[in-house]
Amino acid sequence: MALPIHTAQQEGSTQPNIARITDYWLDGAHHDDADQRVADNISVCAPYMPYLVRSQRALLGRMVRHLLGEGITQFLDLGSGIPTRDHVHEVVQSVDPSGKVVYVDIDPHVVAVGRDVLAGNDNATIVQADFRDHDAVFATPEVARLIDPEQPLAILMIEAFVHISDEDGPAGIVSGYRDRVSTGSYLAISHCSENEDLLAAYQMFERMALGAPPIVNLRSREELTSYFARLDLIEPGEVPIHLWRPESDDEVDRNPDQVQMHAGMGRKL
């Protein structure tokens, strides 16, 4: 389901966008006053959103550390946003400085900021590409330099499909990457399901005329589960994000069954 609210942002625009709003919620340094105003307006209607963003960043860290423990040393992060605040390369290279990370984002402004962030890091880069086209992603010089598709790698799709419409075929996007990578590779996915609180928040945002947030596509938990077809879904399976291998009691939500954001990781056999 796509929430019927349209955004004024165009590709490459410096208008407020979700990547910089996320950076604000993560206490980053790559946003401006316009991003902060939109983020604060969203928080008025959905006060739990900054918490969920931070929880999802914690999930990403747990997933990456698990993958490192499984011997994965190369990572492709799709729809990455700005690579700051405990993003993939920071987690990977704190454990293995030789670990390779490529971020992929379609927004040229986000990519320009990301290149500044990653300047001087020979083992991490960001590319401007539409991740819906896996062949185009793998054909970029940066991916060709850092990623060996003949060796196991991790494809990270953390909330990557929230701005992908049903017409774009998210299941087909997942299967395209699954078929493209080698045996022993992993695909990690999270997604937000339909829930009454979020729908009510968007309706309030419209009524209060606070601006135009991005279009958000919500999908059922069952649809997310279907994306792991022909993959070995590792424990604990597809679960609310707080229940995916929490590393401390602080990471477990008091009511995890009420969190309508789910995640899972599958291994290609």
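**Reading salt bridges and burial**

Reader: What is the relative accessible area of aspartate 168 in this predicted model?

Author: Buried means under 20% and exposed over 50%, with partly exposed in between. Aspartate 168 has 30%, so this residue is partly exposed.

Reader: Which residue forms a salt bridge with aspartate 168?

Author: A salt bridge needs a side-chain nitrogen of Lys or Arg within 4 Å of a carboxyl oxygen of Asp or Glu. Here the partner is arginine 132, with the closest N and O atoms 3.1 Å apart. The two sit 36 residues apart, aspartate 168 in the loop between strand E4 and helix H8, arginine 132 in the loop between strand E3 and helix H6. Arginine 132 is partly exposed as well, at 36%.

Reader: How many salt bridges does the structure hold?

Author: The structure holds 11. One of them joins the side chains of aspartate 35 and arginine 20, at 2.7 Å from N to O. Aspartate 35 lies in helix H2 and arginine 20 in helix H1, so the pair ties together parts 15 residues apart in sequence. Aspartate 35 is buried at 0% relative accessibility, and arginine 20 is buried at 4%.

Reader: Which buried aspartate has no salt bridge?

Author: Aspartate 77, whose nearest side chain of opposite charge, arginine 57, is 7.0 Å away. Aspartate 77 is in strand E1. Beyond its neighbours within four places in sequence, aspartate 77 has contacts that include His87, Tyr103 and Leu156.

Reader: What share of the chain is buried?

Author: Buried residues make up 54% of the 269 residues.

Technical notes: Residues numbered from 1 in each chain as written. Predicted model: local features only at pLDDT ≥ 70, side-chain atom pairs only at ≥ 80, totals over all residues. Heavy atoms only, no water. Helix = DSSP H or I, 4+ residues; strand = E, 2+ residues; numbered from the N terminus. Buried < 20%, exposed > 50% of the residue type's maximum accessible area, 1.4 Å probe, protein only. Lys, Arg positive; Asp, Glu negative; His and termini not counted. Contact = heavy atoms within 4.5 Å.
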